[in-house]
Amino acid sequence: MSNQRRPLIAGNWKMNGLAAAAATELKALVAEAKNHSAPNCDILICPPATLVREMAAVTSDSAVEIGGQDCHGNESGAHTGDISAEMLKDAGASYCIVGHSERRADHDESNATVKAKAEAAHRGGLIAIVCVGETLAEREADKTLEVISDQVKNSLPSGATAANTVIAYEPVWAIGTGKTSTPDDVAAVHAHIRKELGSLLDDSDKMRILYGGSVKGSNAEELMAVENVDGALVGGASLKAVDFWPIVATSI
Ligand code: PEP
């Protein structure tokens with residue numbers, strides 16, 4: 001972990017969470033965070049859109065921030081079922097995940113769509129977390145770095161800076177499977193992303209690159225110690241405070 005980049009430990013609740021149980025878990029997380037008057041990392045939970053406002057109220061006087069899991073490219077209009085970045089901001093979010101592999105796969109989101117969503121996140125005043133990652137077939141065909149380059153170059157929003165954008169490297173085969181990349185593999189991909197960013201941005205050294213894919217309490221310390229890993233994007237292990245806090249604790 002570089003000293004110049006403040007780690008971000010982010011939880012993605014995906015399509016999980018009903019109000020009462022979610023508030024109980026989040027209150028437990030907030031209580032842990034409050035034991036640290038000046039945490040050395042940013043802590044984020046991205047609940048389903050239905051819970052953004054309520055969860056933002058739970059975290060309001062704490063170091064825990066709230067984000068969306070996706071946003072539409074437009075500010076408003078005839079897009080049934082979609083949510084804009086402005087709406088997320090209005091509900092209390094400060095970040096938005098875009099281009100998660102589940103959305104790229106389930107909703108056919110292209111790099112161009114992801115880029116437009118990241119730009120929309122900025123327009124709405126949110127920090128965009130842009131996800132990239134290779135499938136198992138791409139890894140086995142030795143195409144990992146090629147795929148990552150393509151996604152970084154073409155999903156990165158215009159006007160991206162280290163302050164308004166975070167990259168999350170999430171190998172698709174490691175998400176929700178219990179499999180994680182080895183620290184050496186993570187180091188190689190993160191170094192590659194850092195190099196790509198160097199050719200695209202002025203402040204590339206300052207941009208945070210998260211690792212995601214079956215991060216849990218038992219492997220977080222090893223993964224967070226890898227060079228160019230500036231935090232984690234966590235799915236399953238973010239749902240319960242008792243599982244998520246040990247991951248946060250590696251960076252606090
Ligand atoms: C994710 O959804 O971004 C993720 C990394 O999930 P998990 O931690 O469950 O693999």
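A polar contact is a pair of N or O atoms within 3.5 Å; within protein, one must be able to donate a hydrogen and the other to accept it, and residues adjacent in sequence count only if both atoms are side-chain atoms. Keep that in mind for the ligand below.

You are looking at a predicted model, where local features need pLDDT of at least 70 and side-chain atom pairs count only at pLDDT 80 or more, while totals for chains, interfaces and linings use all residues. Residues are numbered from 1 along each chain as its sequence is written, and side-chain values use heavy atoms, with hydrogens and water left out.

Let's start with the barrel. Eight strands close into it in the order E1-E2-E3-E4-E5-E6-E7-E8, with parallel pairing. Here strands are DSSP runs (E, at least two residues), numbered from the N terminus like helices (H or I, at least four), and two strands pair if DSSP finds at least two bridges between them. For example, three bridges join E2 (residues 42-46) to E3 (residues 64-68), and Ile43 stands opposite Val64 in E3.

Now for the ligand. The side chain of Glu170 has an N or O atom 2.7 Å from a ligand oxygen atom. Gly235 takes part through its backbone, where an N or O atom is 2.8 Å from an oxygen atom of the ligand.
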